[in-house]
Amino acid sequence: MAYNFSKDFFWGAATSATQSEGTIAGDNKGENIWDYASKNYNHRFFEGVTTEHTSRFYQEMEADLDRMAALSFNSFRTSISWSRLIPEGTGEVNPEAVDFYTRMLDGLNQRGIKPFINLYHFDMPMKLQEIGGFENREVIEAYRAYAKICFDLFHEKVAYWFTFNEPMIPAEAGYLHDRHYPYVVDFKRAAQVLHHIILAHCEAVKVFRQGTYQGKIGIIMDVIPVYPRSQHPADLKAAEMADLFYTRSLNEAILKGRYPQELKAILTRYNQMPRVEEQDLALIAETTIDLLGINYYRPRRVKAKESLPNPEGVFSPEWFYDDYEMPGRRMNTSRGIEIYPHGLYDIAKKIQLEYGNIDWFVSENGIGIQGEETFIEGGQVQDNYRIAFLKEHLIELHQAMMEGSNCLGYHMWTFVDCWSWQNAFKNRYGFYRLDLETGEKTMKKSGLWFKEVIQKNGFSNEF
């Protein structure tokens, strides 16, 4: 069977500034929390690789844009580094950064590759983190000013803007589960951070709407569909709670203009409500987006709690459910996560049926593999597993589109093997392999396959 997509479907890949750009002497980039953490908490990072040593997009931008063109990309998502553009987070703009991003955007457009530009991908400027980052309400205004500077500088070159990538992650990973700097473990503070990020998103959208800027604006969210172990009421309730905390708490604020009432009741009961001002809810209610990006990697399977949580412990969504390891599940053993392509179909249907069938696209989907060098034959990575992964997910996506889902594109993570949060280069995701010793970038078999998909706007399901 052939799976065909529309002629204007967006095909490409995604990355972020911190994970791809690197640094060089004289670039005048300011420090962000990942620059700081990868040096000062170096033991937390795989093989101690810091943000200075990524895939060298800052130095090799023109050559990398040619590599994108060689894959026939018609779109590409990356982010602007707040601390590169405004080294202190507020105040003076770095002219070297303006020049770099201007050349990048011009280069993309000249090659027929539409820039999808995200304003914030986990990379809080360190000067602002020192006053609390998004825990501090003052940083909302700093972000608003940063967004306006980006719009003013680059709006003629960008058709699609995004305020945040995965806004849940800075709150959950940085303030509850000890994965990202500042390594805080406190649910109430995490909830405050998430609320302020939602407000910052709303303020940026408001600035965009009030300006005379062209293009569209949206947000990119990490959606993990939740599946209960069984239809037992206790398992169903566990799934409901996991979905409430990790999906609805954010999605409904962004896409429906309000927080779920059930969430407020639970947080009030456990004394975990963040500070919310009356005008905050009005701002959330009036803010709408044009385009939604969805990052999908894995499902979340849950079951009813098997033991009571420690009442003296840290309040957490995990008080209400246990993770469930379904027998026979298919795993990516490199990352320890389940591979479940049908989850992408379920997300598409949720958007269609529960969120007004808003225009959306797959902003990240991919598979990271450790030890990929063992698959090199004749100088090329023979990543048939990645081709199979892409096919399976695109088939599920195609089915949802045939049923009316307004999906406009698909971006794989990522273009060139990039530095990942904490894992550095442990798992490889790219269409191009990066040789860490020589810096050479070579196209993998999946890149050749994806190029053919783009040129044909589809593929057959022969594996």
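What follows is a conversation in questions and answers about this predicted model.

Visitor: How do the axes of helix H9 and helix H10 run relative to one another: roughly parallel or roughly antiparallel?
Guide: The axes of H9, residues 187–210, and H10, residues 233–255, come within 10 Å and cross at roughly 30 degrees. Since angles under 35 degrees count as roughly parallel, that crossing makes H9, relative to H10, roughly parallel.

Visitor: Which residues of H10 does H9 meet, and how many charged residues does the contact have?
Guide: From H9, the residues Phe187, Leu194, Ile198 and His201 take part, and they meet Phe245, Ser249, Leu250, Ala253 and Ile254 of H10. Sorted by class, the contact of H9 with H10 has seven nonpolar and two polar residues, while the number of charged residues is none.

Visitor: What is the hand of the crossing between H14 and H15, and how many charged residues does that contact have?
Guide: Helix H14 (residues 384–402) and helix H15 (residues 445–456) have axes that come within 8 Å and cross at roughly 35 degrees, and the crossing is right-handed. Asn384, Arg386, Ile387, Leu390, Lys391 and Leu394 on the H14 side meet Lys445, Ser446, Trp449 and Phe450 on the H15 side. By class, the contact of H14 with H15 has five nonpolar residues and two polar ones, and its charged residues number three.

Visitor: Are the rings of Trp34 and Phe45 stacked or edge-to-face?
Guide: The structure holds 57 aromatic pairs. In the pair of Trp34 and Phe45, the ring centres are 6.2 Å apart and the planes stand at 90 degrees; because planes over 60 degrees apart count as edge-to-face, the pair is edge-to-face.

Visitor: Where in the chain do Trp34 and Phe45 lie, and are they buried or exposed?
Guide: Trp34 belongs to helix H2 (residues 33–40), whereas Phe45 sits in the loop between H2 and helix H3 (61–70), and the pair links parts of the chain that are eleven residues apart. As for accessibility, both Trp34 and Phe45 are buried.

Visitor: Which elements does the aromatic pair of Phe151 and Trp161 tie together?
Guide: Phe151 and Trp161 form an edge-to-face pair, with 5.0 Å from centre to centre and 80 degrees between the planes, and both Phe151 and Trp161 are buried. The partners are ten residues apart in sequence, so the pair ties together the parts that hold them, namely helix H7 (residues 138–154) and strand E5 (residues 160–165).

Visitor: What is the omega of the peptide bond from Trp413 to Thr414?
Guide: Thr414 has its place in the loop between strand E17 (407–413) and strand E18 (427–428). The bond that joins Trp413 to Thr414 is cis, and its omega is near 10 degrees.

Visitor: Phe122 and Asn271 each have a positive phi; is Asn271 buried or exposed?
Guide: Most residues other than glycine have a negative phi. Phe122, in the loop between strand E4 (114–118) and helix H6 (126–129), has phi near 70 degrees and, at 5% relative accessibility, counts as buried. Asn271, in the loop between helix H11 (261–269) and helix H12 (278–286), has phi near 55 degrees. With a relative accessibility of 55%, Asn271 counts as exposed.

Visitor: Which residues does Pro317 contact, leaving aside its neighbours within four places in sequence?
Guide: Pro317 is found in the loop between strand E9 (300–303) and strand E10 (322–323), and at 2% relative accessibility Pro317 counts as buried. The C-alpha atoms of Pro317 and Phe187 are separated by 8.8 Å, although these residues are 130 residues apart along the chain. With those neighbours left aside, the residues in contact with Pro317 are Leu176, Phe187, Phe245 and Tyr246.

Notes: Residues are numbered from 1 along each chain as its sequence is written. This is a predicted model: local features need pLDDT of at least 70, side-chain atom pairs count only at pLDDT 80 or more; totals for chains, interfaces and linings use all residues. Side-chain values use heavy atoms; hydrogens and water are left out. Axes are lines fitted to C-alpha atoms, for helices over the stretch in contact, and angles run from 0 to 180 degrees between N-to-C directions. Helices (H or I, at least four residues) and strands (E, at least two) are DSSP runs, numbered from the N terminus. Angles under 35 degrees count as roughly parallel, over 145 as roughly antiparallel, 65 to 115 as roughly perpendicular and the rest as oblique. Contact means heavy atoms within 4.5 Å. Ala, Val, Leu, Ile, Met, Phe, Trp, Tyr, Cys and Pro count as nonpolar, Asp, Glu, Lys and Arg as charged, and the others, Gly among them, as polar. Rings of Phe, Tyr and Trp (its six-membered ring) pair if their centres lie within 6.5 Å; planes under 30 degrees apart count as stacked, over 60 as edge-to-face and the rest as tilted. Buried means under 20% relative accessible area, exposed over 50%, partly exposed in between (1.4 Å probe, protein chains only). A crossing is left-handed if the near helix is turned anticlockwise from the far one by less than a right angle, and right-handed if clockwise.
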